[in-house]
Amino acid sequence: MEWLSSFPHMDDDMLRGLKKTIDEGFRAFTRAYGDGIESFFDPLQFFLIESERFLTRTPWPLIILLIGAIAWLASRNWKIVGGCVATLLVIGYFDMWEDTMKTVSMIFVCTVISIIVGIPIGIAMSRSDRLQSMVNPVLDVMQTMPSFVYLIPVVMLLGIGKVPGLIAVVIYALPPMIRLTNLGIRLVDRDVLEAADAFGSSSWQKLRNVQMPLALPTIMAGINQTIMMALAMVVIASMIGVQGLGQPVLRAISNQYFTLGLFNGLAIVGIAIIFDRISQAYGQRLQRHRETLHG
């Protein structure tokens, strides 16, 4: 009756051999193609370095004015603008400005990459049920796989640094962008699409002039979720060399510095609230505009 209490499993030697074979195969792949893969991401590294340089070297009043202007253009709400400016001033007053700008540059680059990659995939999924059924399990794995697990192959391929951390954050933050783009386009009223067909619109014209504008509020919700998930990865990404607010939090965990961890954690919360309020306000403006145009 021992089999009732001990689950039948693969022979230990066979299981050990299987794991060893997979590990050796991945190491061989890394040795053969690691340099080529690393050079492929050089433009990404350049983009990240330049965005970080812009935010850290530009005088802080200009950065605050720029973020305030973006908040105003997105929301048309002085309360949101004032909240964003006040949050940034408090962060700077507590000597976390440079780390915050490094984190903002990372989130900005991650969001841009997620938009560039996620929207085309979401559009393709909205046009094909078969593709959707193939991509959805991959997105499920990306969202449920523990972050530390996919850090392992990224670090083995690219080592420690900004780019591996960026890739890890994008993998974690990309699924909402894809899913909500797909959902937004699929939710476009069929009567509107039929009207576009009646006027002789091509597939590209329908996508550009009808589907994308009507799906934009849902896509903005996807951008919002992508930003939130990217910020959730800040501390984990700091473990592989990503600079910013995550590194002081990691140092505080290692050395039990309560105040250091609390202050930098609150700064991450503040940045998250700024991004969230701006993107939500813009999405709501788009929704009201669509309701005004289409009743």
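Author: Tyr93 counts as exposed, because its relative accessibility is 70%, where exposed means over 50% relative accessible area, buried under 20% and partly exposed in between, with a 1.4 Å probe and protein chains only. The model is a predicted one, in which local features need pLDDT of at least 70 and side-chain atom pairs count only at pLDDT 80 or more, while totals for chains, interfaces and linings use all residues. Residues are numbered from 1 along each chain as its sequence is written, and side-chain values use heavy atoms, with hydrogens and water left out.

Tyr93 lies in helix 5, a helix here being a DSSP run of H or I with at least four residues, whereas a strand is a run of E with at least two, and both are numbered from the N terminus. A search of the whole structure finds 7 aromatic pairs, that is, rings of Phe, Tyr and Trp (its six-membered ring) with centres within 6.5 Å, called stacked if the planes are under 30 degrees apart, edge-to-face if over 60 and tilted for the rest. One of these joins Tyr93 and Phe94, whose ring centres are 5.7 Å apart and whose planes stand at 90°, so the pair is edge-to-face. Phe94 counts as partly exposed, because its relative accessibility is 41%. Phe94 also pairs edge-to-face with Phe263, at 5.2 Å centre to centre and 75° between the planes. Because Phe94 lies in the loop between helix 5 and helix 6 and Phe263 in helix 14, this pair ties together parts that are 169 residues apart in sequence. Phe263, at 33% relative accessibility, counts as partly exposed.

Helix 5 (78-93) and helix 14 (258-294) each supply at least two residues of the patch, and the largest share, 6 residues, comes from helix 14.

For a contrast, consider Ser114 in helix 6 (residues 97-127), which counts as buried because its relative accessibility is 0%. The side chain of Ser114 reaches the backbone oxygen of Cys110 at 2.8 Å. Leaving aside residues up to four places away in sequence, Ser114 touches Ile119, Val170, Leu174, Met177 and Thr226, contact meaning heavy atoms within 4.5 Å.

Elsewhere, Phe26, Phe29 and Tyr33 form one aromatic cluster.

As for the chain that carries these features, it has 14 helices and 0 strands, and its C-alpha atoms fill a box of roughly 70 × 55 × 45 Å along the principal axes. Of its 295 residues, 40% count as buried, and residues 24 or more positions apart account for 77% of the contacts with a separation of 6 or more. The accessible surface of the protein chain comes to about 17,100 Å², of which 64% belongs to carbon and sulfur atoms.

Terms used
Polar contact = N/O pair within 3.5 Å; in protein donor to acceptor, adjacent residues only side chain to side chain. Areas by Shrake-Rupley, 256 points an atom, 1.4 Å probe, with all protein chains shown as cover.
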